[in-house]
Amino acid sequence: MLNLSIIEQAIKDEMAQQIQEKKWPWMREIYTYGGQFDDGIDAIIRHFPAIWVTFDGSKTPERISANKTKMPITFVVLVGAESVRNEESQRHGAGADIGTFEMLHHVQQLLTGNDLSSQGLVGLGQLELGRVKTIFNTSTSGQSLSVLAQEFTT
């Protein structure tokens, strides 16, 4: 059986390793998404740039042999950035500030085709790119905010 918490943690650990190895110097921490946007954007903006991981759901399990079942699952990685410059800067980045498009690219490069075996997971299929959705793309209080969601299925 799948242990979703182990898979979610492995995704977070894979990205956190990029921070520890100083490959993602623009990131401080990877979070598990737990409805933070429901509390209002002001509560989470202090964490930007930010990355959250959350389980999105599964499709119907499919029995492939007497003792094996295939269950397609989807995780979502959200990337968020803000800029005091303008709305385009929070997506593209400017100066030392990273934008959500670049953050998304880094996440896609790291996780696409990754089976998380580097984090000790066994038997998980490779993560495949799903769709990208805009969660926020707005300006408020002189700051421009962008949050994108990237689906990964396995």
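Ring pairs join Y31, F48 and W52 into a cluster; rings of Phe, Tyr and Trp (its six-membered ring) pair if their centres lie within 6.5 Å. By this rule, the count of aromatic pairs comes to 4. The model is predicted, so local features need pLDDT of at least 70 and side-chain atom pairs count only at pLDDT 80 or more, while totals for chains, interfaces and linings use all residues. Residues are numbered from 1 along each chain as its sequence is written, and side-chain values use heavy atoms, with hydrogens and water left out.

**Aromatic pairs**

- W24 and W26 are stacked, because their ring centres are 5.1 Å apart and their planes stand at 20°; planes under 30 degrees apart count as stacked, over 60 as edge-to-face and the rest as tilted.
- Both W24 and W26 are buried, where buried means under 20% relative accessible area, exposed over 50% and partly exposed in between (1.4 Å probe, protein chains only).
- F55 and F75 make an edge-to-face pair, with 5.3 Å centre to centre and 65° between the planes.
- That pair links distant parts of the chain, 20 residues apart: F55 sits in strand β2 (residues 50–58) and F75 in strand β5 (residues 73–83). Strands (E, at least two residues) are DSSP runs, numbered from the N terminus.
- How do the two partners differ in accessibility? F55 is partly exposed at 31%, whereas F75 is buried at 0%.

**Salt bridges**

- The whole structure holds 2 salt bridges, each a side-chain nitrogen of Lys or Arg within 4 Å of a carboxyl oxygen of Asp or Glu.
- One of them joins K23 to E21, with the closest N and O atoms 3.0 Å apart. K23 is partly exposed at 49% relative accessibility, and E21 is partly exposed at 38%.
- E151 bridges to R131, with the closest N and O atoms 3.3 Å apart. E151 lies in strand β7 and R131 in strand β6 (residues 128–140), so this pair ties together parts that are 20 residues apart in sequence.
- E151 is buried, with a relative accessible area of 13%.

**Around Q150**

- Q150 has its place in strand β7 (residues 143–153) and is buried, with a relative accessible area of 0%.
- Which backbone oxygen does the side chain of Q150 reach? The oxygen belongs to G130, at 3.0 Å.
- Setting aside neighbours within four places in sequence, Q150 is in contact (heavy atoms within 4.5 Å) with residues including F75, L104, Q108, G130 and R131.

Definitions and conventions:
Helix = DSSP H or I, 4+ residues; strand = E, 2+ residues; numbered from the N terminus. Polar contact = N/O pair within 3.5 Å; in protein donor to acceptor, adjacent residues only side chain to side chain.
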